[in-house]
Every structure is written in structure tokens, then in C-alpha cells.
Amino acid sequence: MIADKLRNLQRTNTTYFPFSQRSSQISNTMPKAAAKSKGAGKVEKRRGKKDPNAPKRGLSAYMFFANEQRDNVREENPGVSFGQVGKILGERWKALTDKQRTPYEAKAAADKKRYEDEKQAYNADGDEESS
């Protein structure tokens, strides 16, 4: 008796959706006000625009290595994607010994000093203009 009712109910129910579609339809029909935001109650700070005349930050030792080796990786692996090039470079960087890393670390230290000098000069110029 119950089985007959279920069969009839299934035959007449033509708006059957698989579970995945049904749950997405339900979540899409929920009112927007009911959803909680992550930063409820926080005051959003706006970031000022970056000065295009500001000095560029120094590169890391890895970036000097990657810039030097990127073309070699592309020649050895033609048709490799951008992400794969990064993975290969990362693996090569990890495989380097401390002795092999020293020239890149020296370049990074020199670039860091260059950045600090340029930043100090930039800030000094900015202080003079605002006074």
C-alpha cells in the first residue's frame, strides 16, 4: 500500500533534481541579508596610492637566480607552462649548496643597500618639500 503511493508520487513528481543541483538552487535563493560578512563591525581602511617616483625594493637572492636561469629552463623544457617554470626554478634553487648561492646572496645584499640608500634620499627629499 505504501509502496503504491510512493510509485504514484514519483511518477507525478516531474521536477526532480539531483542533489547537487538542488543544494545550489537552495543556497542561491537564500536572502543576502542572512549571510554574515567576515569583517562585520570592522572599519575598512583605504590604502593610499603608491608614489611612482618611490624607489623599487631590492630583489631577493632567489629572484636574481630565477632571472638568470629562466631562459635556460625554457630552452631545456620547450612548451612548459609559466607555473611549471616556477616549480623547476624552485627545485633548482633548493638543490643549490650554500657555496653556489653566495653570488646571488651578494647581489641581493648589494641591491638591498641600493634600495636603502635610494629610500633614504627619497624620504629626505620628501621631508624638504613638506617643510
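Tutor: Start with a definition: a salt bridge is a side-chain nitrogen of Lys or Arg within 4 Å of a carboxyl oxygen of Asp or Glu. Note also that this is a predicted model, where local features need pLDDT of at least 70, side-chain atom pairs count only at pLDDT 80 or more, and totals for chains, interfaces and linings use all residues. Residues are numbered from 1 along each chain as its sequence is written, and side-chain values use heavy atoms, with hydrogens and water left out.

Student: What makes Arg 114 and Glu 118 a salt bridge?

Tutor: Their closest N and O atoms are 3.0 Å apart, and the limit is 4 Å, so the pair qualifies. Arg 114 and Glu 118 are four residues apart in helix H5, which means about one helical turn between them. An α-helix has 3.6 residues a turn, so residues three or four places apart point the same way.

Student: Which residues are linked with Arg 114 in a network of salt bridges?

Tutor: Asp 111 and Glu 118 are linked with Arg 114 in that network.

Student: Why are Arg 114 and Glu 118 called partly exposed?

Tutor: Buried means under 20% relative accessible area, exposed over 50%, and partly exposed in between, with a 1.4 Å probe and protein chains only. Arg 114 has 27% relative accessibility, so it counts as partly exposed. Glu 118 is at 35% and therefore gets that label too.

Student: How many salt bridges are there by this rule?

Tutor: The count comes to five. Among them is the bridge between the side chains of Lys 107 and Glu 68, at 3.5 Å from N to O. That pair links distant parts of the chain, with Lys 107 in helix H5 (residues 98-130) and Glu 68 in helix H3 (residues 61-76), 39 residues apart. Lys 107 is partly exposed because its relative accessibility is 37%, and Glu 68 is partly exposed because its value is 39%.

Student: What counts as a helix, and how many does the chain have?

Tutor: Helices (H or I, at least four residues) and strands (E, at least two) are DSSP runs, numbered from the N terminus. The chain has five helices and zero strands, and its pattern along the sequence is α-α-α-α-α. Of its 131 residues, 14% count as buried.

Student: Which residues of H4 are buried?

Tutor: In H4 they are Val 85, Ile 88, Leu 89, Gly 90 and Trp 93. For Trp 93 the relative accessibility is 13%, so it falls under the 20% limit.

Student: Why is the pair of Tyr 62 and Trp 93 called edge-to-face?

Tutor: Rings of Phe, Tyr and Trp (its six-membered ring) pair if their centres lie within 6.5 Å; planes under 30 degrees apart count as stacked, over 60 as edge-to-face and the rest as tilted. A search of the whole structure finds four aromatic pairs. The rings of Tyr 62 and Trp 93 have centres 5.8 Å apart and planes at 75°, so this pair is edge-to-face. Tyr 62 in helix H3 and Trp 93 in helix H4 are 31 residues apart, and the pair links distant parts of the chain.

Student: What makes the pair of Phe 65 and Trp 93 tilted?

Tutor: The distance is 5.3 Å centre to centre, with 50° between the planes. Phe 65 in helix H3 and Trp 93 in helix H4 are 28 residues apart, and both are buried. Tyr 62, Phe 65, Trp 93 and Tyr 104 form one aromatic cluster.

Student: How do you know that the charged end of Arg 101 sits over the ring of Trp 93?

Tutor: A charge sits over a ring if NZ of Lys or CZ of Arg is within 6 Å of the ring centre and within 35 degrees of the ring normal. The charged end of Arg 101 is 4.4 Å from the ring centre of Trp 93 and is listed as sitting over that ring.
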